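Me: I have a structure open here and want to go through it piece by piece. Can you take my questions as they come?

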2 protein chains.
Amino acid sequence: MPVTESLVHAEDLDATADVPVALRRKEHIRHAAVTDILGAAEAVFARAGFSGATMAEIAELAGLPKANLHYYFRTKAALYRAVLDHTLTLWLAQTDGIRNDADPMQALGDYIRAKMRLTATHRDASRVFANEMLHGAPHIGGYLRNELKTLVDEKSRVIDHWAQKGLMDRIDARHLFFTIWAATQTYADFQPQVCAVLGKSRLTRAELDHATEQLVRMILRGCGVRGSR
Amino acid sequence: MPVTESLVHAEDLDATADVPVALRRKEHIRHAAVTDILGAAEAVFARAGFSGATMAEIAELAGLPKANLHYYFRTKAALYRAVLDHTLTLWLAQTDGIRNDADPMQALGDYIRAKMRLTATHRDASRVFANEMLHGAPHIGGYLRNELKTLVDEKSRVIDHWAQKGLMDRIDARHLFFTIWAATQTYADFQPQVCAVLGKSRLTRAELDHATEQLVRMILRGCGVRGSR
DNA sequence: TACAATCCTGACCAGCCAGTCAGCATTGGA
DNA sequence: TCCAATGCTGACTGGCTGGTCAGGATTGTA
């Protein structure tokens with residue numbers, strides 16, 4: 001009897017459903033392996049894109065035989081989706097501060113700073129996301145049209161509310177978000193360009209802080225946020 | 001005697017050097033073929049990236065047999081470089097208006113508008129460029145460190161000069177360029193995200209104009225450009 | 001027409017890569 | 001200790017893809 005039929009692959013474990021008992025008993029092994037694989041896969045997919053990445057390279061980076069990857073993830077595409085899912089959760093966070101009763105200067109400033117920090121600490125995730133987008137977002141179209149759109153619509157209403165209270169200009173908040181996302185992600189996605197123009201071999205923490213503060217200042221003033229001079 | 005030895009491939013024709021006479025006589029054939037191939041290659045590379053693109057697909061889109069591609073471009077990498085070279089020239093242009101004696105509001109505004117227009121009309125080129133950057137810019141590192149850096153340094157001095165004359169804030173012009181490039185290119189590179197959030201199936205001319213004017217206004221005010229309210 | 005230079009292409013090949021599978025190893029509960 | 005479930009892996013394969021090549025077709029000049 002082939003073992004395959006009783007396997008439960010990582011990409012299927014999206015809930016605490018009624019998983020066979022034996023699975024739960026050894027789930028620390030599974031969890032450790034899956035974590036290692038996802039980490040290696042993120043790095044390789046970021047560097048080479050989906051087509052350019054090879055399962056062999058991911059396996060080597062994870063320190064596992066290639067066949068072991070296929071034990072946990074049926075296909076390369078399934079592994080890629082898992083990496084994407086893992087990173088998408090990062091993108092939805094950080095907007096907590098944007099609320100009707102918050103101060104625009106503080107909330108927007110903090111949001112931009114948080115985005116910039118996230119981009120710097122999760123460069124590979126940012127690049128995987130960017131790559132997916134560049135090629136038409138075939139795997140995450142649903143996420144964009146649902147979760148993301150809902151979130152942006154909601155936060156846009158907050159910004160409209162701020163404008164109505166005279167705390168800032170009336171603007172199209174959605175395009176403001178596009179600009180913020182683009183301006184922050186460029187330091188991860190287009191790092192070679194940034195480094196080349198700055199004449200540095202790598203982006204230092206200080207340089208990023210400098211960029212962040214200038215960006216915050218420019219955007220706040222650009223939106224006429226009260227208190228930003 | 002193999003024909004190969006007398007071939008002159010497209011990627012070698014970078015100057016008006018002493019090319020064999022017979023080449024010049026039929027150069028309209030060569031020119032037409034090369035143009036077709038580059039166009040098809042740009043589209044396919046934009047959609048699939050370097051690794052994901054196949055010579056067969058490019059050939060089909062160009063309406064040529066695959067072997068014919070290899071007649072004009074030795075390798076896939078050579079074809080890719082040619083596409084990149086072709087698009088890089090686009091990126092260096094458009095900065096003519098940024099001069100010491102120009103009006104910042106007019107010059108910067110026009111620059112942003114031009115970038116946005118370029119991005120919209122050359123979406124595939126933008127995506128090929130973005131893809132190259134995402135993967136570490138292995139083919140164009142030299143271009144970034146030389147031509148691009150020189151250009152940005154020069155234009156940054158202009159902006160410093162404007163600031164010194166009190167026409168705008170003192171800012172780090174290089175990061176301003178990063179923001180402008182990112183904010184404009186996002187409408188090409190991340191189009192799926194933009195469309196999803198806006199709830200549209202495609203970006204209309206009107207929507208882009210709307211985005212452009214808001215971006216111009218925000219950046220000019222954000223830099224304290226005199227005359228932008 | 002003769003001819004050289006260039007253009008063009010079907011057929012082929014070698015290497016790479018995702019995915020498979022049989023069988024062995026390990027785990028942990030009874 | 002036994003045993004079922006799960007973990008693990010070397011060796012293999014089929015298909016795809018970049019690249020080659022021999023040889024024929026066109027072009028334009030003399």
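Me: Start with chain B. At what angle do the axes of helix 5 and helix 7 of chain B cross?
Reply: The axis of helix 5 (residues 76-92) of chain B crosses that of helix 7 of chain B at roughly 105°, and the two come within 10 Å. Axes here are lines fitted to C-alpha atoms, for helices over the stretch in contact, with angles from 0 to 180 degrees between N-to-C directions. Helices (H or I, at least four residues) and strands (E, at least two) are DSSP runs, numbered from the N terminus.

Me: Are helix 5 and helix 7 of chain B parallel or perpendicular to each other?
Reply: Helix 5 of chain B and helix 7 of chain B are roughly perpendicular. Angles under 35 degrees count as roughly parallel, over 145 as roughly antiparallel, 65 to 115 as roughly perpendicular and the rest as oblique.

Me: Which residues of helix 5 and helix 7 of chain B meet?
Reply: From helix 5 of chain B, B:Val83, B:Leu84, B:Thr87, B:Leu90 and B:Trp91; from helix 7 of chain B, B:Ala125, B:Val128, B:Phe129 and B:Glu132. By class this contact has 7 nonpolar, 1 polar and 1 charged residues. Ala, Val, Leu, Ile, Met, Phe, Trp, Tyr, Cys and Pro count as nonpolar, Asp, Glu, Lys and Arg as charged, and the others, Gly among them, as polar. Two residues are in contact if their C-beta atoms, placed from the backbone, lie within 7 Å.

Me: What does chain A average in pLDDT?
Reply: Chain A averages 90, and 89% of its residues score at least 70. pLDDT is the predictor's confidence in each residue, from 0 to 100.

Me: Where in chain A does pLDDT stay under 50?
Reply: Over residues 1-7 of chain A, with 0 contacts beyond four places in sequence, and over residues 13-19 of chain A, with 3 such contacts. Where pLDDT is low, the predicted coordinates should not be read in detail.

Me: How many helices and strands are there in chain A?
Reply: Chain A has 11 helices and 0 strands. Of its 229 residues, 38% count as buried. Buried is 20 or more other C-beta atoms within 10 Å of the residue's own, exposed is 12 or fewer, and partly exposed is in between, with C-beta atoms placed from the backbone.

Me: How do helix 2 and helix 7 of chain A cross?
Reply: The axes of helix 2 (residues 27-52) and helix 7 (residues 123-134) of chain A come within 8 Å and cross at roughly 50°, so the two helices are oblique to each other. The residues that meet include A:Phe45 and A:Gly49 in helix 2 of chain A, and A:Arg127 and A:Asn131 in helix 7 of chain A. That contact has 5 nonpolar, 2 polar and 3 charged residues.

Me: And helix 8 with helix 9 of chain A, at what angle do they cross?
Reply: The axes of helix 8 (residues 141-164) and helix 9 (residues 173-189) of chain A cross at roughly 110° and come within 9 Å. That makes the pair roughly perpendicular. Among the residues in contact are A:Ile159 of helix 8 of chain A and A:Phe177 of helix 9 of chain A.

Me: Back to chain B. What is the phi of B:Gln94?
Reply: Near 75°, a positive value in a residue other than glycine. B:Gln94 lies in the loop between helix 5 and helix 6 (104-121) of chain B. B:Ala137, also not a glycine, has a positive phi of about 50° and sits in the loop between helix 7 and helix 8 of chain B.

Me: Is B:Ala137 buried or exposed?
Reply: B:Ala137 counts as buried because it has 21 C-beta neighbours inside 10 Å. B:Gln94 has 16 and so counts as partly exposed.

Me: Last one: how many residues of chain B are in contact with chain A?
Reply: 46 residues of chain B, touching 46 residues of chain A. The chain B side has 23 nonpolar, 15 polar and 8 charged residues.

Conventions. Residues numbered from 1 in each chain as written. Chains lettered and ligands numbered in written order. Predicted model: local features only at pLDDT ≥ 70, side-chain atom pairs only at ≥ 80, totals over all residues.
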